[in-house]
Amino acid sequence: MASTSSSDVLVLAVGVALAAIYLFRDQLFAQAKPKSVPVPTSKASNGSGNPRDFIAKMKEGKKRLVIFYGSQTGTAEEYAIRLAKEAKSKFGLASLVCDPEEYDFENLDQLPEDCAVFFVMATYGEGEPTDNAVTLMQNLEDESFEFSNGEHKLEGLKYVVFSLGNKTYEHYNKIGRDVDNVLTKMGAIRIGERGEGDDDKSMEEDYLEWKDGMWDAFSAAMGVEEGQGGDTPDFAVTELESHPPEKVYLGELSARALTKTKGIHDAKNPFPAPISVARELFQSTHDRNCVHIELNTESSGISYQHGDHVGVWPSNPDVEVTRLLCALGLYEKKDNVIGIESLDPALAKVPFPVPTTYATVLRHYIDISAVAGRQILGALSKFAPNPEAEAFLKGLSTNKEEYHTLIANGCLKLGEVLQLAAGNDLSAAPTPENTTAWTIPFDIIVSSIPRLQPRYYSISSSPKLHPNSIHVTAVVLKYESIPNERVNGRWIFGVGSNFLLNLKYAANGETAPLVATGSESKAASVTIPGYAIEGPRGAYKQETIYKAPIHVRRSTFRLPTNPKSPVIMIGPGTGVAPFRGFIQERVALARRSIEKNGPDALADWGRISLFYGCRKSTEDFLYKDEWPQYQEELRGKFTMHCAFSREVYRPDGSKIYVQDLLWDDREQVADAIINGKGYIYICGDAKSMSKAVEETLAKILGEAKGGSADVEGNAEVKLLKERSRLMLDVWS
Amino acid sequence: MATVDLNLPISEILHKGTVKSHDEVAKSPGAAALVNAALPREEYVRFLMILWHIYGYCSFFSLLDTVGLTIAVISAIEEALERHAANTVLQPTYNPILLARKSSLSADISAVLQVPESSWQAHPIYTSLMASPPPALTAYTSRITDIESTDPSLLLAHSYARYLGDLSGGQVIKHRTAKAYGLDEQSNIGLSFYTFRQLGSSVPATSQGDMKKIKVWFKAGMDAGVGDDTKLKEALLREANTAFELNAGLLNDLSIDEKLQQPVVPILQPVPAEKTYSIATVFSVITAICLAHFLLVIGGFTGAKGYSKLLAAEQWVASLLS
């Protein structure tokens with residue numbers, strides 16, 4: 001038996017060894033494999049030749065301009081890219097945008113006659129070049145550095161300089177000036193003036209002021225004419241004959257969403273959050289809506305803080321998608337699969353995931369619901385179906401006033417403008433039959449209409465009470481456009497809030513009521529726009545649950561950590577949203593403190609005051625039934641001041657607003673701020689409300705300091721802002 | 001320590017009196033690796049975690065502390081500043097909403113690791129960091145703990161050393177870091193540690209000028225808080241140099257991969273995970289052994305039968321070779 005048992009062991013050992021080798025093959029044989037060395041992608045593109053030879057690269061890419069940037073924090077790099085874009089759009093000239101650290105300068109003297117070099121140079125600290133420009137500067141300034149001609153000379157080299165710096169530092173723009181001087185000394189010829197931008201305040205204006213003159217000089221020096229570049233496309237759009245359908249983006253916002261792989265959720269990969277609650281907040285909804293929506297974030301890994309914003313990713317309404325598809329003559333091919341490639345990835349990236357379809361791009365990826373811009377109308381005029389339409393668009397693009405009355409006040413979207421120009425009926429449901437097709441290349445649409453952006457809302461809950469749920473409070477945006485001789489007044493619907501309203505109806509199985517026609521409305525279209533809320537491939541609908549794609553954006557709008565600090569919050573209308581979260585945050589803390597230290601735990605807490613305003617307590621009082629409960633839980637520390645502008649009036653009949661209530665409470669307010677080191681928060685409309693509240697605060701503080709609103713008051717407001725004790729979350 | 005005129009405002013004293021320590025830190029290989037974003041991704045994350053501990057490792061305890069529930073044992077800069085917000089020396093520069101870095105560090109760690117913010121503390125990089133915290137980290141936090149109990153005014157020196165650094169050199173690191181680790185500066189995801197808001201506003205600060213305004217404000221606040229107290233100035237200068245040394249210690253601890261030290265080569269791929277064997281792997285080995293044994297037994301490859309089969313196989317192999 002001895003022999004058999006030993007063979008037993010032998011056989012087993014071989015089996016075990018083989019199994020182990022197989023299982024650990026990665027670790028065992030890893031050393032043998034060549035290690036993959038990361039290679040910067042920028043260098044990978046050029047197969048042959050010296051990757052540090054920019055002249056060769058220019059020749060290879062038929063580029064007549066090379067733009068070097070000396071950049072430390074990226075600003076100079078941005079301007080370098082802008083110059084490259086402008087050179088392309090104005091003159092049709094392609095540029096090589098270069099980090100000087102990645103190239104050698106020995107052959108700078110070999111730049112062909114018909115080419116030019118740009119230097120966009122930042123000055124850092126005490127007049128030093130940025131790290132990536134150190135060698136470049138040494139090469140240029142060192143007399144013993146020889147170019148390929150064997151000399152330290154750059155005879156006839158054409159160059160442009162834009163220099164970036166900060167006036168509050170000594171040695172303002174030193175590097176740009178040095179480059180300019182040393183190049184001139186070497187016999188190079190500057191085109192136009194040297195541009196100088198002041199990073200402290202006016203970089204953008206400085207740039208704008210400089211560039212027109214420079215481009216004029218450039219055009220003369222290079223012998224190029226403006227207008228040659230209009231037709232150079234940024235993108236190449238191709239229809240793909242056969243493509244695996246599961247790899248086509250139909251509105252998915254990330255690769256992870258398409259492949260259904262796990263990953264963290266952020267602005268690059270929004271989370272489809274199930275809607276757990278959706279209800280109307282206004283007591284009276286005959287002409288307005290305000291929706292309260294609770295988004296379930298369970299198991300998404302998403303966390304938030306009170307005061308953060310939630311970005312909701314809407315899609316465009318059905319009617320606008322169809323309208324533009326018809327106007328572009330793409331209705332029949334709307335579901336064709338297309339690929340889009342950037343023709344110069346350094347200058348323009350494809351702004352959304354591809355491959356996709358025409359309809360998807362218009363529905364999910366670009367903002368076709370915005371009022372059509374003036375510039376794009378000029379660019380599109382040459383594709384008009386008839387001379388009248390062409391003249392109409394040209395007129396709009398050159399005549400600011402006409403554009404303003406007709407398009408801006410009329411709130412016309414691109415599809416509507418195209419219809420109007422072609423003489424189509426805007427009020428009819430768009431079809432290929434009633435809409436004239438324009439032959440606009442799709443790449444122009446892609447490069448001239450911006451990406452559809454998420455809509456941000458101040459979160460109206462606290463994670464301490466609702467760890468797995470984000471609450472949104474959104475008034476539904478709907479207004480009438482101003483009629484003009486060509487277009488009647490129509491209802492205009494905000495994309496984000498109506499998308500939410502749609503979701504609310506769907507989540508509750510309600511049918512959308514007709515828009516009220518109570519006012520003497522000439523509005524033609526009276527139905528609320530419909531959206532494809534079930535999402536791409538039905539991803540946003542699970543049985544009866546609807547989902548909205550969201551991500552959280554961090555804000556600095558936060559309560560002081562210490563509850564002893566008094567807090568004053570001013571938030572009329574939906575401006576109250578973050579303050580509901582603030583109050584909930586304090587309620588959660590109060591519960592824990594009381595549980596631990598007994599009923600007197602809140603005795604030394606600071607006062608919490610909320611100034612709220614709406615029309616009537618019976619019409620649009622948000623969260624009316626919740627506040628009394630919060631007041632009870634906060635044991636008298638929380639007081640609410642409400643201004644009902646259409647219910648309670650002054651003796652003289654004038655309306656009362658939040659700032660008036662603030663003024664009425666001025667003694668307490670001043671005490672909380674000056675003696676209590678309190679915090680003030682304003683949320684809501686930036687234009688009128690926020691400004692009025694700040695003025696009232698200045699008045700209160702000026703008076704309390706024994707001075708005036710203009711001097712002491714404003715100084716105090718500035719100080720509060722600098723210490724982040726007066727904070728704003730406002731929108732216009 | 002250099003001799004500095006103690007009649008100058010504290011902001012100038014600290015600027016002049018820390019030039020040497022500052023330059024020593026700036027010239028260290030660790031700082032160079034950081035500025036050039038030449039750290040392996042894991043090491044960069046580990047560094048963010050260390051910073052997270054130094055700025056404030058445990059907001060929950062400090063929150064409870066303010067309502068008198070419990071007391072944090074180890075101090076970190078931002079919690080300590082919070083507890084001493086009313087200290088007259090610290091008060092003028094107390095502005096956590098503008099300056100605090102702790103929560104942005106947490107967000108960045110989460111983004112770089114691609115792990116939800118709530119769970120990065122379970123990540124192996126963090127657990128191994130906690131299992132044996134580097135001495136430089138312990139030295140830093142114990143120094144903060146010490147001065148908090150003996151002389152909290154000295155926290156100002158630590159605020160100065162960290163925040164002004166983040167506002168200055170941090171901006172350079174941001175750009176390099178974004179490129180090296182493939183982070184998107186537009187969306188700012190993973191880069192919030194280096195991002196500040198404009199002074200007195202909620203608008204992000206984008207230019208060198210915006211940063212300078214914050215620095216000017218901070219220095220004015222230091223000057224106002226310290227006033228003419230020369231004894232305090234002297235102590236603060238000493239503490240600021242200590243702060244630089246502590247930071248130098250953190251940077252010296254960075255393990256710099258020599259191969260990755262070339263400044264222009266971005267690290268595009270995360271370094272492969274550590275070579276330990278997961279439970280799943282070990283389990284599958286055991287399963288494989290059992291399975292192998294089972295097959296050998298069932299297939300009759302054991303015992304006498306097995307031996308005869310082995311002999312037959314040997315003969316077959318021999319016949320093939322002959």
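According to an unreviewed UniProt entry, residues 65–215 of chain A carry the annotation "domain: Flavodoxin-like". The model described here is a predicted one.

Two helix pairs in chain A share helix H22. Packed helices of this kind are described by the angle between their axes and the distance between the axes.

Helix H22 (residues 686–704) of chain A meets helix H23 (residues 709–722) of chain A with axes that come within 7 Å and cross at roughly 110°. H22(A) is therefore roughly perpendicular to H23(A). On the H22(A) side the contact is formed by Glu694(A), Leu697(A), Ala698(A), Lys699(A), Leu701(A) and Gly702(A), and on the H23(A) side by Ala709(A), Glu712(A), Gly713(A), Asn714(A), Glu716(A) and Val717(A). Sorted by class, the residues of this contact are five nonpolar, three polar and four charged.

Helix H21 (residues 666–675) of chain A also packs on H22(A), the axes coming within 10 Å and crossing at roughly 75°. An angle between 65 and 115 degrees counts as roughly perpendicular, so H21(A) and H22(A) fall into that class. H21(A) contributes Arg666(A), Val669(A), Ala670(A), Ile673(A) and Ile674(A), while H22(A) contributes Ile700(A), Leu701(A) and Ala704(A). The contact of H21(A) with H22(A) has seven nonpolar residues, no polar ones and one charged. Leu701(A) is named in the contact with H23(A) and again in the contact with H21(A).

**Backbone features in chain A**

Ser724(A) is not a glycine, yet its phi is positive, at about 60°. Ser724(A) is buried, with 24 other C-beta atoms within 10 Å.

Lys62(A) likewise has a positive phi, near 50°, in a residue other than glycine. Lys62(A) sits in the loop between helix H4 (54–60) and strand E1 (65–70) of chain A. Is Lys62(A) buried or exposed? Lys62(A) counts as exposed, because it has 8 C-beta neighbours inside 10 Å, and the exposed class takes residues with 12 or fewer.

A cis peptide bond, with omega about 0°, links Val354(A) to Pro355(A). Pro355(A) belongs to the loop between strand E12 (337–342) and strand E13 (356–357) of chain A.

Arg553(A) lies in strand E19 (residues 545–553) of chain A. Leaving aside residues up to four places away in sequence, Arg553(A) touches Asp308(A), His309(A), Gly311(A) and Tyr456(A). Ile444(A) is located in helix H16 (residues 442–448) of chain A. Arg553(A) is partly exposed, with 16 other C-beta atoms within 10 Å, and Ile444(A) is also partly exposed, with 18. The table gives one C-alpha pair for each of these two residues.

| Residue pair | Separation in sequence | C-alpha to C-alpha distance |
|---|---|---|
| Arg553(A) and Tyr456(A) | 97 residues | 8.4 Å |
| Ile444(A) and Ala236(A) | 208 residues | 9.7 Å |

**Chain B**

Chain B contains 16 helices and zero strands. Of its 322 residues, 42% count as buried. Among contacts in chain B between residues at least 6 apart in sequence, 72% join residues at least 24 apart.

Helix H2 (residues 19–27) of chain B shows how burial is arranged on one helix. Which residues of H2 in chain B are buried? They are Ser21(B), His22(B) and Val25(B). Viewed down the axis of H2(B), these buried residues fall within an arc of 100°, so they line one face of the helix. An α-helix has 3.6 residues a turn, so residues three or four places apart point the same way. The buried residues of H2(B) pack against helix H3 (29–35) and helix H14 (230–252) of chain B. On the face of H2(B) turned away from the buried side are the exposed residues Val19(B), Asp23(B) and Lys27(B).

Methods. Residues are numbered from 1 along each chain as its sequence is written. Chains are lettered from A and ligands numbered from 1 in the order in which they are written. This is a predicted model: local features need pLDDT of at least 70, side-chain atom pairs count only at pLDDT 80 or more; totals for chains, interfaces and linings use all residues. A residue is buried if 20 or more other C-beta atoms lie within 10 Å of its own, exposed if 12 or fewer, and partly exposed in between; C-beta atoms are placed from the backbone. Helices (H or I, at least four residues) and strands (E, at least two) are DSSP runs, numbered from the N terminus. The arc is that of the directions from the helix axis to the C-beta atoms. Two residues are in contact if their C-beta atoms, placed from the backbone, lie within 7 Å. UniProt positions are given in the numbering used here, feature names are shortened, and annotations may be inferred rather than shown by experiment. Axes are lines fitted to C-alpha atoms, for helices over the stretch in contact, and angles run from 0 to 180 degrees between N-to-C directions. Angles under 35 degrees count as roughly parallel, over 145 as roughly antiparallel, 65 to 115 as roughly perpendicular and the rest as oblique. Ala, Val, Leu, Ile, Met, Phe, Trp, Tyr, Cys and Pro count as nonpolar, Asp, Glu, Lys and Arg as charged, and the others, Gly among them, as polar.
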